[in-house]
Amino acid sequence: MRLSLAAILLLLSTNNVSAATCGGGNRGDGICADGLCCSEWGWCGSSSNHCSSGPTPSAPTPPPTPPTGGPTVAGDDSRLIAYAGNWQSCPTADQVEHYTHIVVAFAVSYSWGPTQNNCDRQCNIQSTVPICDNANNQALVDSWRAKGKKVILSFGGAGMGGHWAGDTNNCWDYCFGREDQVSTDLVNIVQNQNFDGIDIDYEYCYDTASGRHGGCTQMTGAYSDRAAQNFLSTMTNLLRQKMDALGEGYELTHAPIDVDLVSDSPYYQILRDQQANLNFLMPQFYNGLTRAARDGFDGSGSGQVSARSLYGNIANDMFQGQPDKIVFGFCISDCGATGSNVSGPQAVDVLKQIKAYNGGEYGCNGGGFFWVAQHDVGGSWGDLVSAEVAITAGCTMSRPGTGPTPPPTPRPTPSSGTGGTRCGCSSCTTSILERDADGYPVGGRIDWVVANMGQSEQEACSLVCGDEFPDVCSECNPGQCGGGGGGSGTCGNGNRGDGVCSDGTCCSEFGWCGTLAAHCG
């Protein structure tokens with residue numbers, strides 16, 4: 001995991017360092033703000049690696065000030081996700097400013113009916129899904145994505161069928177056994193309409209044998225618990241495979257009702273088994289089983305169980321200690337029947353309680369989502385909640401083994417050459433620095449860490465090539481390459497501490513002498 005762009009912008013505004021691009025990847029032919037220098041990798045900074053040709057001219061105007069009031073782009077934690085009903089009015093720019101994700105709800109296999117929806121018996125989904133105002137509005141999706149938002153397509157919803165008493169809809173039944181067809185149809189829509197991923201919003205029956213559901217009298221002969229459970233598992237697996245085949249960065253999630261997330265629920269077990277295929281989970285904490293706004297995160301009474309009891313299982317059992325995978329669900333004003341409507345201040349209070357619980361056990365979490373954007377009038381709810389969410393944006397950076405986020409936009413890889421060495425390593429040649437490290441050249445990542453995280457070149461090299469990408473650029477890791485970090489020579493037969501460095505420096509775990517943390521840690 002890596003820092004969200006919101007966190008990068010916060011770092012930049014705090015440390016008064018530019019992360020602007022310059023020069024098209026060619027040293028000295030671009031302009032950096034405030035007299036900073038343009039490096040050979042096309043990024044601005046003040047280190048010797050940026051200024052080897054002297055400062056570039058000052059830009060005529062400073063770069064834009066990062067927006068305040070919350071995250072502006074999607075990251076790997078601290079999200080604020082808004083559902084947008086595609087039959088409702090389109091979210092305004094003031095609303096969307098505060099969101100990291102917009103979930104377009106819903107792709108379905110029915111047409112509306114006054115007493116029961118008209119199911120397609122082959123589970124065919126409309127090939128072009130409306131975005132809002134019952135229209136495609138593709139330009140709006142493209143504009144949201146251009147601002148760094150993720151736009152997710154949600155498949156399902158209550159209209160496909162629910163497991164509560166009195167529901168008459170059963171359209172999910174006609175999708176069972178058609179997992180390959182349905183997953184292909186959804187991925188085609190994602191590709192054709194430029195969505196960033198898929199949410200499965202399944203609120204239907206899956207465990208009638210245990211008497212778990214309050215309803216489920218509307219089922220057809222196509223239904224069985226086994227078919228429903230197989231559908232959930234197989235769809236998750238197929239969607240992951242097929243979106244991965246499109247390329248990197250597509251997100252997959254579910255939005256289960258809170259009652260379906262008790263640990264003995266088959267749906268919970270399916271999600272647990274499929275957790276590696278999920279980018280995050282969006283539990284609906286607004287269906288009556290939990291009422292965090294009334295009871296507090298760790299309380300019950302108004303609700304049957306505490307939100308914390310479910311949240312803790314998801315974080316520690318399902319996701320193995322990664323609360324950043326949980327996006328806590330709120331409902332603004334459609335959930336009065338379950339006593340679960342939550343105001344902006346109430347949502348902020350719940351999020352604060354989540355962060356503070358047990359000495360900060362869930363301090364780095366996935367943020368929140370809400371139903372629905374139409375009720376975030378003027379963006380006031382989102383403004384309050386995004387400000388709270390933004391406090392921890394980028395917190396997954398502190399997890400062991402993670403490294404710095406790459407710059408916000410790709411930069412060109414410089415042409416190959418035979419220039420000098422870096423990182424104090426004779427093996428750290430230009431060809432190594434030009435290697436791709438998850439979409440960015442190694443040298444560019446090192447420059448970015450130096451410019452934006454206040455680290456020396458060798459510290460940056462140790463972070464990028466020692467901690468984050470050892471398989472790509474170990475030749476540039478001062479703790480491993482030899483001849484770097486203020487020391488020289490081998491020691492210790494590759495075992496830290498059992499060798500002697502002739503100049504009194506430290507022996508790294510890789511058997512090289514030096515003075516960096518990588519040597520003396």
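I take helices (H or I, at least four residues) and strands (E, at least two) as DSSP runs, numbered from the N terminus. I am working on a predicted model, where local features need pLDDT of at least 70, side-chain atom pairs count only at pLDDT 80 or more, and totals for chains, interfaces and linings use all residues. Residues are numbered from 1 along each chain as its sequence is written, and side-chain values use heavy atoms, with hydrogens and water left out.

Entry one, the loop. I found aspartate 260 in the loop between strand S9 (251-254) and helix H6 (266-273). Is aspartate 260 buried or exposed? I get a relative accessible area of 1%, so aspartate 260 is buried (under 20% relative accessible area; exposed is over 50%, partly exposed in between, 1.4 Å probe, protein chains only). Setting aside neighbours within four places in sequence, I see aspartate 260 in contact with His163, Tyr206, Ser265, Tyr267 and Tyr268 (contact means heavy atoms within 4.5 Å). I also checked tyrosine 202: it is 58 residues from aspartate 260 in sequence, and 10.0 Å away C-alpha to C-alpha.

Entry two, the whole chain. I count 16 helices and 15 strands. Of the 521 residues, 54% are buried.
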